[in-house]
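Take a moment to turn the model around before reading on. What follows is a walk through it, one stop at a time.

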Amino acid sequence: MIRPIRKAIFPVAGLGTRFLPATKAQPKEMLPIIDKPIIQFAVEEALAAGITHLIFVIGRTKRSIADHFDSNPELDTALRQKGNHEMADLLNSIVPDSAACIYFRQSEALGLGHAVACAAPVIAPDEPFAVLLADDLMRARTPVLKQMIDCYQQTGRSMVAVEDVAPQAVSSYGIVDADRPGIGQLAAMRGIVEKPARDEAPSTQAVVGRYILDGSIMPLLKAQAPGKGGEIQLTDAIRQLIQTHGVDAFRYEGQRYDCGSKLGFIACTMASALAHPDFGSEVREMMHNMLAQDPPH
C-alpha cells in the first residue's frame, strides 16, 4: 500500500548573500512578491497538495519566518477594531488549524542534504515526504507538488522535478541522467550529477526545487561525507537512492521563477504585478509608458 504524503520540509537556513544588503537583517524567503513573502507561496503550494505537517529548517536569523506563520493576537484585534475583518481572516488562514508547523535549527550551513537531514527526527524510515525550495517559485494551473503527489500515488517511487536549461547553465544545477519525459510524465533516472561542467553533463535536464523522497534517504544523509563544495549534497544521497529504490524525473507543467537570483526575482515580481486582479491592467499601462520613455540617466 502506498502511504500518503503528509509532511513537507522547507530548507530556509541559507544566508541569502546574493540579496545583500536587503537580507542583512531579514531572511531572503521573507522578501515580498507584491504583498506576499516568497516562502508563503511554497507553503500554499504544499497545503494545496494535501500536506498537513510543515517542517521548516531555519538558521539563527530566521525567526521572522516562524513569526509570519504564527498567530498574532494583537494585530488581529487591531484590524478587527478598525473593521478590517477581511484582512484579519486572511492572515488567520495562512496556515489552517488542520496543519502543524514544526521548526528545526540548522546550526551550520553545511549544505542542502544536511538541512534536509535536520528534519530526520520526524520522518519515519518508511515514510515518504516532500522537499520544497522556496527560491523556486512555481506557478501552475495545478500546483506542482500536487502534480508530483498524484504521480507518486500511482508509482510509490521517489521523484524530482526537472526542466530543461541552457547548456551553459548546467553547472548551476543537479543534472539527471534519464530519458526526456513529456509534460506531466516520468522517466526512470539512471544517475544524477551535482553542478557538472558543461562537457561532463549527462543531459540538460536540471533538478528544480521540488522533491518527493523516501524516508530511507535520511540515514544515507546522516552517513554521507561532504561532496561538491565541501557540503552535504542531497544529490549524492539521491544517487544512492536510485540504486536501492529507484528515483524518477518528473517533467512538471507550469512556470518556474528563480527567486534566488535578482533577475528571477524581478521577473516574478513583474509577472505577478501584470497578473494581479486588482491592478494588473494599470501595471501593464505603466510598463508601456515607461518603455516608451528614454531611460533615466
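This is a predicted model: local features need pLDDT of at least 70, side-chain atom pairs count only at pLDDT 80 or more; totals for chains, interfaces and linings use all residues.

## A walk through the model

What is the peptide bond from L20 to P21 like, cis or trans? This bond is cis, with an omega near 5°.

I34 isn't a glycine, yet its phi is positive, at about 65°. You'll find I34 in the loop between β2 and β3. With a relative accessibility of 33%, I34 counts as partly exposed. Another case is K195, whose phi is near 45°, again a positive value in a residue other than glycine. K195 belongs to the loop between β10 and β11, and its relative accessibility of 36% makes it partly exposed as well.

K195 also takes us to the next stop, the pockets. Of its 40 lining residues, the ones closest to the centre are R18, L112, L133, D135 and K195. So which elements give two or more residues to this lining? They are β1, α5, β10 (186-194), β11 (205-213), α8 (234-244) and β13. Strand β11 gives the most, with 4 residues. Sorted by class, the lining of the largest pocket has 19 nonpolar, 11 polar and 10 charged residues.

Next comes the second largest pocket, with a volume of about 870 Å³. This one is lined by 32 residues, and D35, K36, Q40, L90 and I94 lie nearest its centre. Two or more residues each come from β3 (36-37), α1 (38-48), α2 (63-69), α3 (73-81) and α4. Which of these gives the largest share of the lining? The answer is α4, with 6 residues. By class, the second largest pocket is lined by 16 nonpolar, 8 polar and 8 charged residues.

L75, M87, L90 and L91 make up a nonpolar patch on the surface, and together they have about 320 Å² of accessible area. Helix α4 (residues 85-92) gives the most to this patch, with 3 residues. L90 is a handy one to pick out: it lies in helix α4, belongs to the patch and is among the residues nearest the centre of the second largest pocket. Is L90 buried, exposed or partly exposed? Its relative accessible area is 48%, so L90 counts as partly exposed.

Now for the charged pairs. How many salt bridges does a search of the whole structure find? It finds 17. One of them joins D89 to R80, where the closest N and O atoms are 2.7 Å apart. Both partners are partly exposed: D89 has a relative accessible area of 44%, and R80 has one of 27%.

Another salt bridge is formed by R3 and D126, with 2.9 Å between the closest N and O atoms. This pair links distant parts of the chain: R3 is in the segment before β1 (7-12), while D126 is in the loop between α5 (112-117) and β6 (129-132), and 123 residues separate them. R3 itself is partly exposed, at 33% relative accessible area.

For the last stop, look at R256 and E163, a salt bridge whose closest N and O atoms are 2.9 Å apart. R256 lies in strand β13 (residues 255-258) and E163 in strand β8 (residues 158-164), so the pair ties together parts that are 93 residues apart in sequence. Are these two buried or exposed? R256 has a relative accessible area of 12% and E163 has 18%. Buried means under 20%, so R256 and E163 are both buried.

Definitions and conventions. Residues are numbered from 1 along each chain as its sequence is written. Side-chain values use heavy atoms; hydrogens and water are left out. A salt bridge is a side-chain nitrogen of Lys or Arg within 4 Å of a carboxyl oxygen of Asp or Glu. Buried means under 20% relative accessible area, exposed over 50%, partly exposed in between (1.4 Å probe, protein chains only). Patches are made of residues with over 30% relative accessible area and no salt bridge: like charges are joined within 9 Å, nonpolar side chains (Val, Leu, Ile, Met, Phe, Trp, Tyr) within 5 Å. Accessible areas come from the Shrake-Rupley method with a 1.4 Å probe; for residues, only the protein chains shown count as cover. On a 1 Å grid over the protein atoms alone, a cavity is a set of points where a 1.4 Å probe fits but cannot get out, and a pocket is an open set with protein on both sides within 12 Å along at least five of seven lines; lining residues have an atom within 4 Å of a point. Ala, Val, Leu, Ile, Met, Phe, Trp, Tyr, Cys and Pro count as nonpolar, Asp, Glu, Lys and Arg as charged, and the others, Gly among them, as polar. Grid points are joined across faces, edges and corners, and a volume is the space filled by probe spheres set on the points.
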